[in-house]
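Biologist: I would like to learn how to read a model like this one. Please take me through it feature by feature.

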Amino acid sequence: MIFRRLTFWLILALAAMFIILPLRGNNAALREDLILVAIAVTLVSNLNLMIGYTGYVNFGHIVFYGLGGYIGLYLVSERHWNLFLSAFVAGVLVSLVALLFGLGILRLRGAYFALATIGVLVAVNGFVANFNPWGRSTGMYLSFDAYQPLGGPMRALWTTYYLIIGVMALSLILSLAIKRSKFGLGLFAIREDEDAAVVLGINATVYKAIIYSISAFLPAIAGALMFYKNGMIDPSIAFEYMLSLEGIVMLMLGGQGTVVGAALGAGLYERLRSFLLTSPKLSNFHLVIAGGLLLLVVLFASGGIIGWLYRLLPRSREVIE
Amino acid sequence: MSALLQVDGVSKRFGGLQAVADVSFHIEEGEILGLIGPNGAGKTTLFNVVNGVYKGEKGTITFAGQDITGLTPDKIVHLGIARTHQIVKPLAGMSVLENVTVGGCFGRAYLGLREAREAAMEVLQTVGMAERANIPARSLTIAGKKRLEVARALAARPKLLLLDEVLAGLTPTEIAQMIQLVRKIRDGGISVFMIEHVMQAIMQLSDRIVVLNFGQKLAEGTPTEVARDPQVIEAYLGDSEITEKLSEKTS
């Protein structure tokens, strides 16, 4: 059972820490820092389901987040749905879209699949930027009224924060549950050798489409919550190409294929990025660091931090998942 | 009582090369059928058509009374045909036990994770790899990887096992062990269809043998019949060692 695993309790402890820390002195600045970390952890741990578990590199993972944001914001501002339902529906719709895309492009393998994911990103971005109901390239804005159901903007900020922490925790628990399941074993088999996996009885096409769809669900919900919190959305912030690439760096840094590695990589990189972004002399220098880190990891430690730990202490594999 | 596997007039072409041409044969339940032929005769291609890796252009394949022509490999293993690969395909980063667990989880057995792991441990005991259960598959020797292929296929609990050159590259001791293992598998009620170049072994093991040459069925019969067949001897001419061994068997 998943409750017997140490990693499960680590995830709960992390979520509890995120909830408690900013409460001291109503620390909104810390909350804003942590919310970025939580979003990064959510995106990276779902990206891990594709790259780390199944062995398929998705360059366009940010599409799920942005599309979820658009659908969520549209439902809240234009249809006056409540936030919870809007975010959930955004998750379901984006997962369905991903399932359709997945059944198409997951017939491709390796580099061709990776190229197709770039195609998906560019195409969805292009579609949204020209879609009238969603405000084309200027995007959509929320009026202050939209925060009233949650008790006004101040209260709404805290509520969305807790929801995003919940989505982060769910992402990690989902990763852990899949890793310890029969379904997960099938994915790992596909990662190791897809031809052998099929001969052993795994319907690789269906498995890949399902995991691609699952990896879209929580990022889309996170997008809906985050853009509601920000009160606006436009194509350039919803589909930030660079963030899609940085997600891959975070995953490789922490250790692809591991639950803890995805969280660790996302947390470390996001803090570093925030530090570099806010220091006046080093603006945009984080991209130099990102590129350098990716090279270092790929060249010298392909398993990332957790892979390095596994090599150092082979028995840690049983505990740190 | 109809045959377990019935192959009728199967053909497979790669561009200009007719790899398998109008081949028919059958396998009875509990039988070991050998498949021999010179290099490039189409033996592995025939395996690939039977287990669905390739789709043949012509012919039908019936397994346990069901038409399986054109089904994908994952469906065919569910119905009960498991196979090994001539060029081994271990799931390299996973442990030996995990490799075999995949076989039990997704093969005909279609077990849950926990039962599959227990079943995998039993299979590893059968093939004599239990003490290597937790090492990564990539660190096995070639003999170990061949054994792993067999274990993984067995974990699926097939009715028919396709063995593609499991003896190639093994030492005489390892060959003797593998021959014993194949006998044990058949005695456990699993039919075996095997490609082999080690003549002595296939002559010992097989109940019947099918000979392929240039994609066509050249001969079929008991080991003794096949070894006496002048066409078969001719096909192997130039390979003096094999011809010698064939005549050795007949005398």
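**Reading the features**

Modeller: Start with a helix pair. The axes of α3(B) and helix α4 (residues 113-126) of chain B cross at roughly 115° and come within 8 Å. Keep in mind that this is a predicted model.

Biologist: What is the hand of the crossing of α3(B) and α4(B), left-handed or right-handed?

Modeller: The crossing of α3(B) and α4(B) is right-handed. From α3(B), the contact uses Val96(B), Leu97(B), Val100(B), Thr101(B), Gly104(B) and Cys105(B). From α4(B), the contributors include Leu113(B), Ala116(B), Arg117(B), Met121(B) and Leu124(B). By class, the contact of α3(B) with α4(B) has 11 nonpolar residues, two polar and one charged.

Biologist: Which numbers describe a packed pair in general?

Modeller: Two packed helices are described by the angle between their axes and the distance between the axes. Take a second pair. For α12(A) and α13(A), the angle is about 145° and the axes are 8 Å apart. The contact is made by Leu272(A), Arg273(A), Leu276(A) and Leu277(A) on α12(A), and by Phe285(A), His286(A) and Ile289(A) on α13(A). Its residues split into five nonpolar, one polar and one charged.

Biologist: Which residues of α12(A) are buried?

Modeller: Val259(A), Val260(A), Gly261(A), Ala262(A), Ala263(A), Leu264(A), Gly265(A) and Ala266(A) are among them. Tyr269(A), Glu270(A) and Arg273(A) are buried too. The cover over these buried residues includes α1 (6-20), α2 (28-54), α6 (152-179), α11 (241-254), α13 (285-300) and α14 (304-312) of chain A.

Biologist: What do the buried residues of α4(A) pack against?

Modeller: They pack against α3 (62-77), α5 (110-129) and α9 (204-230) of chain A. The buried residues of α4(A) include Leu83(A), Ala87(A), Gly91(A), Val94(A), Phe101(A) and Ile105(A).

Biologist: Step back to whole chains. How many helices and strands does chain A have?

Modeller: Chain A has 15 helices and two strands. A compact globule of 321 residues would have a radius of gyration near 20 Å; chain A has 19 Å, so it agrees with that rule. Its C-alpha trace spans about 55 × 45 × 45 Å along the principal axes. Of its 321 residues, 49% are buried. Among its contacts between residues at least 6 apart in sequence, 76% join residues at least 24 apart.

Biologist: And what makes up chain B?

Modeller: Chain B has 10 helices and 10 strands. For 251 residues, the globule rule gives a radius of gyration near 18 Å; chain B has 18 Å, so the two agree. The C-alpha box is roughly 55 × 40 × 40 Å along the principal axes. In chain B, 48% of the 251 residues count as buried. Of its contacts between residues at least 6 apart in sequence, 66% join residues at least 24 apart.

Biologist: How many residues does each chain bring to the contact between them?

Modeller: The contact takes 22 residues from chain B and 16 residues from chain A. On the side of chain B that touches chain A, α2 (73-79) and α3 (96-106) each supply at least two residues. The largest share, five residues, comes from α3(B). That side of chain B divides into 11 nonpolar, seven polar and four charged residues.

Biologist: Last, single residues. Why does Asp164(B) count as buried?

Modeller: Asp164(B) is buried because 23 other C-beta atoms lie within 10 Å, and the cut-off is 20 or more. This residue sits in strand β7 (residues 160-164) of chain B. Lys43(B) is 121 residues away along the chain, yet the two C-alpha atoms are separated by 8.7 Å. Beyond its sequence neighbours within four places, Asp164(B) contacts Thr44(B), Phe47(B), Arg83(B), Thr84(B), His85(B), Gln86(B) and Ile195(B).

Biologist: Where is Asn213(B) placed?

Modeller: Asn213(B) is in strand β9 (residues 208-213) of chain B. With 19 other C-beta atoms within 10 Å, Asn213(B) is partly exposed.

Technical notes
Residues numbered from 1 in each chain as written. Chains lettered and ligands numbered in written order. Predicted model: local features only at pLDDT ≥ 70, side-chain atom pairs only at ≥ 80, totals over all residues. Buried ≥ 20, exposed ≤ 12 C-beta atoms within 10 Å, placed from the backbone. Helix = DSSP H or I, 4+ residues; strand = E, 2+ residues; numbered from the N terminus. Contact = placed C-beta atoms within 7 Å. Nonpolar A, V, L, I, M, F, W, Y, C, P; charged D, E, K, R; others polar. Rg over C-alpha atoms; globule rule 2.2 N^0.38 Å. Axes fitted to C-alpha atoms, helices over the stretch in contact; angles between N-to-C directions. Left-handed = near helix turned anticlockwise from the far one by under 90°.
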